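Hello,

Here is the structure I promised to pass on. Please look it over before reading my notes.

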Amino acid sequence: AFIITDPCIGVKDASCVEVCPVDCIHTTDEADQYYIDPEVCIDCGACQPECPVSAIYEEDEVPEEFQASIKRNADFFKQ
Ligand code: F3S
């Protein structure tokens, strides 16, 4: 699945949400970023080029400094 990382924090541009064909990108009023539901994401990659702050990566390509985003994403969908 794709992971949304730190650059999304406080930006929440949501351009990614508009292009997602399976509506798997979610947030809440309390959350400071959007998250991609790994159970629903079909790995199409449509969201990645849409993000103006380049926050979206394939899970195995998440840069070292954004590794914490992977767990944060998983935790969001456990709630
Ligand atoms: Fe965030 Fe970029 Fe989407 S800022 S909401 S990942 S378009």
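Below is what I found in it.

First, the ground rules. The model is predicted: local features need pLDDT of at least 70, side-chain atom pairs count only at pLDDT 80 or more, and totals for chains, interfaces and linings use all residues. Residues are numbered from 1 along each chain as its sequence is written.

Fold. The chain has 2 helices and 4 strands. Their order along the sequence is β-α-β-β-β-α. Helices (H or I, at least four residues) and strands (E, at least two) are DSSP runs, numbered from the N terminus.

Size. A compact globule of 79 residues would have a radius of gyration near 12 Å, and the 11 Å of this chain agrees. That radius is taken over C-alpha atoms, and the globule rule is 2.2 Å times the number of residues to the power 0.38. The C-alpha trace spans about 25 × 25 × 25 Å along its principal axes.

Burial. Of the 79 residues, 23% count as buried. Buried means 20 or more other C-beta atoms within 10 Å of the residue's own, exposed means 12 or fewer, and partly exposed lies in between; C-beta atoms are placed from the backbone.

Cys44. This residue sits in the loop between strand 3 (35–36) and strand 4 (56–58). Cys44 counts as partly exposed because it has 13 C-beta neighbours inside 10 Å. Its C-alpha atom is 8.6 Å from that of Cys20, 24 residues away along the chain.

Ligand. There are 14 residues around the ligand, and Cys8, Asp13, Cys16, Tyr34 and Cys51 come nearest. A residue is near if its C-beta atom, placed from the backbone, lies within 6 Å of the molecule.

Best regards
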